Amino acid sequence: MSSLKRFPLIFFPYILCLLLVLISSTSGAQHTSESSGKHVSVAFDVLSPRYKSYRLSQFNNVFVDNKHSIVKVADALEGLTGVQLSYKNGEVQEGALNVKFNQESRLLIGVFRDSVKDNNLSYLTSINFGKGKLTKKPLIKNAVTITGLPSVDVYDVIYAKGKHEIKWEPGLFVFLGAVPSTYKVVNFDAKLPDGRLWEPFIIEGFVNEKPLFEIIGGPDHPVISEGMPGTEGIQGGFEGGACVKIGDTYHMFPTERAGEKGIDYYYDRVKTRIGHWISKDAIHWKRQSTIYQASGNYALVPEDNPMNDRRGAIWSYMPVFNKEANRWYGYYLAYTVDKDIAPNHSFGRIWRCESLKEGYEGIAGPYKDCGIIMEPGMDSQLWEGRQGVDSFFPYKAGNEWLAFYGGAYPYKQKEDYPDKSGKGWFVGLAKSKTMEGPWTRLDTIINPVTSIHPWFIENPIVYQLPNGMFITIFDGGPEAWGHHLPNMIGYSLSNDGYKWSEAHYLPIETKVKKWWNVMRTPLCLIPEGNDIYTVMYAAITSERFHPMGMVKIKLNTTLLNSKAASLKN
């Protein structure tokens with residue numbers, strides 16, 4: 001589990017200083033938008049059929065067939081419709097755009113800050129704006145944040161009514177939209193962050209390809225929140241774990257951040273426990289029992305020493321049914337915890353347990369411990385870092401078992417042990433002939449698995465889809481605590497369980513009212529029939545208690561088959 005320390009999210013409120021127009025740019029059609037509050041209509045025709053439109057708002061894409069997505073937009077620009085350009089090899093490709101304005105208008109051009117250094121407008125003035133008149137001072141500085149690219153300054157070009165042609169050489173700019181020429185412009189700095197703080201990422205449904213999953217919807221509020229029955233004694237709410245469905249009943253095993261009264265909320269993650277909750281609809285939940293309880297004892301020494309209590313925190317219970325043994329196997333994580341060294345979760349170890357009762361009804365326990373199956377040691381890899389083995393999920397691939405296992409706060413060299421760690425949350429693969437083990441880490445040619453994301457993936461859970469493909473669903477990382485990550489649940493696909501595709505991220509807030517500040521860990525991907533799946537997820541509000549939510553998504557099985565074929569190439 002992540003040992004990131006939580007702080008309130010920072011929001012960027014801005015005063016609307018302009019009345020803007022919403023335009024669209026479908027080839028050869030006239031575009032209008034009725035005046036409504038903040039927008040004033042401008043009619044125009046786009047006469048170049050190769051160009052498509054985009055809406056200037058979060059998640060959308062300013063380039064054709066590219067994953068550079070919009071993260072933040074100044075309020076004064078929100079909702080404009082721009083024109084997508086072709087972007088390859090780090091620059092916009094050469095092109096020409098023909099447009100007809102039905103009134104005198106201002107075309108808004110976004111220039112990436114590295115293209116305009118020290119007010120040098122040589123690149124911008126190299127664009128042939130035809131009869132347009134370029135204003136050589138930015139209207140809005142740092143106005144748009146786009147993943148992987150510098151911040152955007154906005155300039156305008158005034159055009160008379162009629163047809164115009166714009167030509168450009170390769171460079172780096174975007175068409176953001178248009179407003180009436182009568183517009184009174186107030187220059188200001190929106191102070192949005194540089195997009196290079198974010199790795200470019202693919203948001204499902206917001207690039208020029210069909211989404212594999214459609215967000216169907218779910219409750220616009222947490223399904224388990226503070227004060228509900230069963231949450232007594234859980235100060236910090238929930239984090240990762242797993243949920244399974246047996247018959248018509250959901251069984252969820254979240255990590256409960258119980259904490260201790262009078263102790264700062266950062267340490268809610270220390271005295272944890274694994275709870276067992278049940279539900280008939282994945283919305284109304286009842287707590288049944290405690291499966292495991294951590295000691296809450298802190299380490300005595302900073303290194304991984306038997307003097308320390310190695311079960312100070314317990315996390316990430318993963319139940320997997322063993323058909324051969326006809327009982328449930330549980331895999332869970334136990335930490336040494338330190339008060340003074342980040343991360344306070346250290347030297348994670350994976351334990352295996354078995355249900356005493358046979359059959360699927362044994363899911364409720366009790367369980368008996370069967371020992372540690374993976375831990376820090378001589379075969380640890382540097383990327384596993386001080387946090388040690390921080391997650392584990394096994395899955396059958398052919399005639400063998402594979403498992404994703406995690407690590408964090410990596411070491412650059414062995415001499416950095418025990419406390420000179422860096423940043424990064426990674427996963428690798430281990431294999432075994434049986435669920436019991438022994439489990440062997442794959443070598444560093446494969447580990448860590450960075451094809452999914454270069455430096456952040458947490459708590460992956462693996463399933464097989466109807467066509468036999470493997471899918472892993474995981475915590476895609478927060479936009480918080482100084483980290484600039486998608487803040488969405490991610491997924492990745494594989495044909496063989498070894499080679500995994502680049503992550504796609506699920507924008508749940510497009511169909512569910514966003515009640516969270518930070519999206520965290522999915523606990524399941526449960527098939528419900530008719531290609532519908534249930535996802536339970538832990539998220540964070542601005543409060544101390546981290547609630548649990550639920551969303552339904554639908555799989556496009558036709559697209560899934562084409563995905564399988566593309567991954568073979």
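Which residue in E35 is the bridge partner of phenylalanine 474?

Mentor: Glycine 490 is that bridge partner in E35. First, the ground rules. This is a predicted model, where local features need pLDDT of at least 70, side-chain atom pairs count only at pLDDT 80 or more, and totals for chains, interfaces and linings use all residues. Residues are numbered from 1 along each chain as its sequence is written, and side-chain values use heavy atoms, with hydrogens and water left out.

Now the strands. Helices (H or I, at least four residues) and strands (E, at least two) are DSSP runs, numbered from the N terminus. Two strands pair if DSSP finds at least two bridges between them. Strand E32 covers residues 470-475, and strand E35 covers residues 489-494. They pair in the antiparallel sense, over 6 bridges.

Step back to the sheet. It is open and has 5 strands, in the order E17-E36-E35-E32-E31. The pairing is mixed. Strand E17 (202-203) and strand E31 (458-464) are the edge strands, and each pairs on one side only.

Next, look at the side chain of phenylalanine 474. Rings of Phe, Tyr and Trp (its six-membered ring) pair if their centres lie within 6.5 Å; planes under 30 degrees apart count as stacked, over 60 as edge-to-face and the rest as tilted. The structure holds 40 aromatic pairs. One of them joins phenylalanine 474 and tyrosine 505. That pair is edge-to-face, with 6.5 Å from centre to centre and 80 degrees between the planes. Phenylalanine 474 lies in strand E32 and tyrosine 505 in strand E36 (residues 504-506), so the pair ties together parts that are 31 residues apart in sequence. Phenylalanine 474 and tyrosine 505 are both buried. Buried means under 20% relative accessible area, exposed over 50%, partly exposed in between (1.4 Å probe, protein chains only).

Lysine 191 is in the loop between strand E16 (188-189) and E17. Its phi is positive, about 60 degrees, although lysine 191 is not a glycine. Lysine 191 has a relative accessible area of 61%, so this residue is exposed. Asparagine 487 sits in the loop between strand E34 (483-484) and E35. Asparagine 487 also has a positive phi, near 60 degrees. At 6% relative accessibility, asparagine 487 counts as buried. Proline 448 lies in the loop between strand E30 (440-441) and E31. A cis peptide bond joins asparagine 447 to proline 448, with omega about -10 degrees. Why pick these out? Most residues other than glycine have a negative phi, and most peptide bonds are trans.

Another cis bond lies elsewhere in the chain. Tyrosine 417 and proline 418 are joined by a cis peptide bond, with omega about 10 degrees. Proline 418 is in the loop between strand E28 (400-408) and strand E29 (425-432).

Move on to a hairpin. E19 and strand E20 (residues 249-256) pair in the antiparallel sense over 8 bridges. Phenylalanine 238 has glutamate 256 in E20 as its bridge partner. The hairpin has 2 residues between the strands, and glycine 247 there takes a positive phi near 65 degrees. Strand E19 (residues 238-246) is mostly covered, with 7 of its 9 residues buried.

Back to rings. Phe253, Tyr292, Tyr317, Tyr332, Trp351 and Tyr367 are linked by ring pairs into a cluster. A charge sits over a ring if NZ of Lys or CZ of Arg is within 6 Å of the ring centre and within 35 degrees of the ring normal. The charged end of arginine 311 sits over the ring of tryptophan 351, 4.7 Å from its centre. Arginine 352 places its charged end over the ring of tyrosine 329, 4.4 Å from the ring centre.

Finally, the whole chain. The protein chain has 2 helices and 40 strands. Buried residues make up 59% of its 569 residues. The C-alpha trace spans about 80 × 50 × 50 Å along its principal axes. Contact means heavy atoms within 4.5 Å. Among contacts between residues at least 6 apart in sequence, 64% join residues at least 24 apart. The pair of phenylalanine 474 and tyrosine 505, 31 residues apart in sequence, ties together E32 and E36.
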